Amino acid sequence: MDGQGNLAVQRLALWSIPLSLGVMGLKMAAWWVTGSVALLSDGLESTVNVVAAFIAYFVIRYAQKPADHDHPFGHQKAEYLSAVTEGALIVVAALLIVKEAIGHLAAPRMLDAPALGLAINFAAGVINAVWAQLLIRTGRKHRSAALAADGQHIMSDVVTSVGVLIGLFLAIATGYPIFDPVLAILVAVNILYQGWKVISHSIGGLMDQAVEPEEEEAIKQAIATHAAGSIGVHDLKTRRAGSVTFVDFHLVVPAAMPVRQAHDICDCLEDAIRAVHPGASIAIHVEPEGERAHGIRVKVVKDV
């Protein structure tokens with residue numbers, strides 16, 4: 001991620017804090033004027049959004065610190081910790097919603113001032129939807145796991161709002177207030193699923209999971225077409241830490257090849273890989289022919 005990318009991610013993370021506070025205020029106001037348990041559950045999830053926004057901002061700032069003596073590979077993995085925390089907070093919010101809704105199943109009640117409450121909640125949902133899309137798009141563009149997770153968290157809040165609005169419309173239209181807590185529970189189930197997706201993706205990053213198959217294929221193609229003069233490539237390994245992609249492989253060259261020529265091939269390969277993965281950290285182990293190949297191999301395209 002370049003300096004402008006870092007700044008864009010930081011600014012969005014900072015603006016998420018006041019925006020999440022404003023949306024939480026709107027949703028709690030909607031609950032206050034209606035007494036709806038579904039709107040209360042929506043408001044409870046928004047309180048989690050506020051906490052998550054604070055965590056994401058400070059973790060993103062830390063993750064963007066340059067590599068130092070104690071962290072020679074950088075601090076990017078801190079973003080995965082933030083994303084895991086956000087996933088856990090999503091799960092907590094879902095459980096709070098279920099607890100609140102179950103308590104109202106036995107004695108559901110009709111809503112006060114439903115039109116005003118629905119209008120307020122709808123406005124909050126629109127704000128969240130626009131902001132979530134911006135966070136997710138920017139997070140993916142600059143490979144910020146924390147920002148993307150924050151956007152996914154807010155998007156789960158949007159799904160909650162839609163479910164709540166449907167439930168309240170049904171309760172008002174049919175005269176059966178039971179729809180209010182029932183929809184709150186169904187929404188909580190969806191939130192649990194969203195939280196699990198955020199957590200599982202982030203744990204993959206913490207465990208040095210390989211890049212996506214299509215990204216690995218692009219790396220293989222770059223190596224295959226820019227390794228002219230070498231004999232082969234094997235033991236290709238990839239992983240991602242935040243915005244940085246790490247690529248490691250062995251380059252086999254003729255035993256009599258001068259060091260300078262082997263170095264030039266490595267430079268060419270690094271440029272080709274960074275063309276498809278800007279900012280990639282690349283480690284190439286040069287070895288003479290005759291060494292036994294192992295790991296993932298890449299067939300080098302020979303000069304015609």
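Which residue takes a positive phi just after α5? Gly175 does, with a phi of about 80 degrees. The legends below follow a predicted model, in which local features need pLDDT of at least 70 and side-chain atom pairs count only at pLDDT 80 or more, while totals for chains, interfaces and linings use all residues. Residues are numbered from 1 along each chain as its sequence is written, and side-chain values use heavy atoms, with hydrogens and water left out.

**View 1. Helix α5 and the residue that follows.** Helices (H or I, at least four residues) and strands (E, at least two) are DSSP runs numbered from the N terminus. Helix α5 covers residues 145–174, and at 1.5 Å a residue its 30 residues should span 44 Å, which agrees with the 43 Å between its end C-alpha atoms; the expected span is 1.5 Å times one less than the number of residues.

**View 2. Helix α2 against α5.** Two packed helices are described by the angle between their axes and the distance between the axes. Axes are lines fitted to C-alpha atoms, for helices over the stretch in contact, and angles run from 0 to 180 degrees between N-to-C directions. Helix α2 (residues 37–63) packs with α5 at an angle of about 170 degrees, the axes being 10 Å apart. α2 is therefore roughly antiparallel to α5 (angles under 35 degrees count as roughly parallel, over 145 as roughly antiparallel, 65 to 115 as roughly perpendicular and the rest as oblique). The contact (heavy atoms within 4.5 Å) includes Ala38, Leu39 and Ser41 of α2 and Ala146, Leu147 and Asp150 of α5. By class, this contact has 11 nonpolar, 7 polar and 4 charged residues, where Ala, Val, Leu, Ile, Met, Phe, Trp, Tyr, Cys and Pro count as nonpolar, Asp, Glu, Lys and Arg as charged, and the others, Gly among them, as polar.

**View 3. Helices α3 and α6.** Helix α3 (residues 78–105) and helix α6 (residues 179–206) pack at about 165 degrees with their axes 8 Å apart, which makes α3 roughly antiparallel to α6. In the contact of α3 with α6 there are 24 nonpolar and 5 polar residues, and no charged ones.

**View 4. Helices α7 and α8.** The axes of helix α7 (residues 213–225) and helix α8 (residues 259–276) come within 9 Å and cross at roughly 150 degrees, so α7 and α8 are roughly antiparallel to each other. Ala218, Ala222 and Ile223 of α7 make the contact with Leu269, Ala272, Ile273 and Val276 of α8, and these residues divide into 7 nonpolar, no polar and no charged.

**View 5. The open sheet.** Three strands, listed in the order β1-β2-β3, form an open sheet of 3 strands with mixed pairing; two strands pair if DSSP finds at least two bridges between them. Because β1 (232–241) and β3 (281–288) stand at the edges with a single partner strand each, one side of each is left without a neighbour in the sheet. Strand β2 (residues 244–253) pairs with β3 in the parallel sense over 8 bridges, and Val252 has Glu287 in β3 as its bridge partner.

**View 6. Arg239 in strand β1.** Arg239 lies in strand β1 and touches residues including Phe73, Lys77, Asp208 and Phe246, not counting residues up to four places away in sequence.
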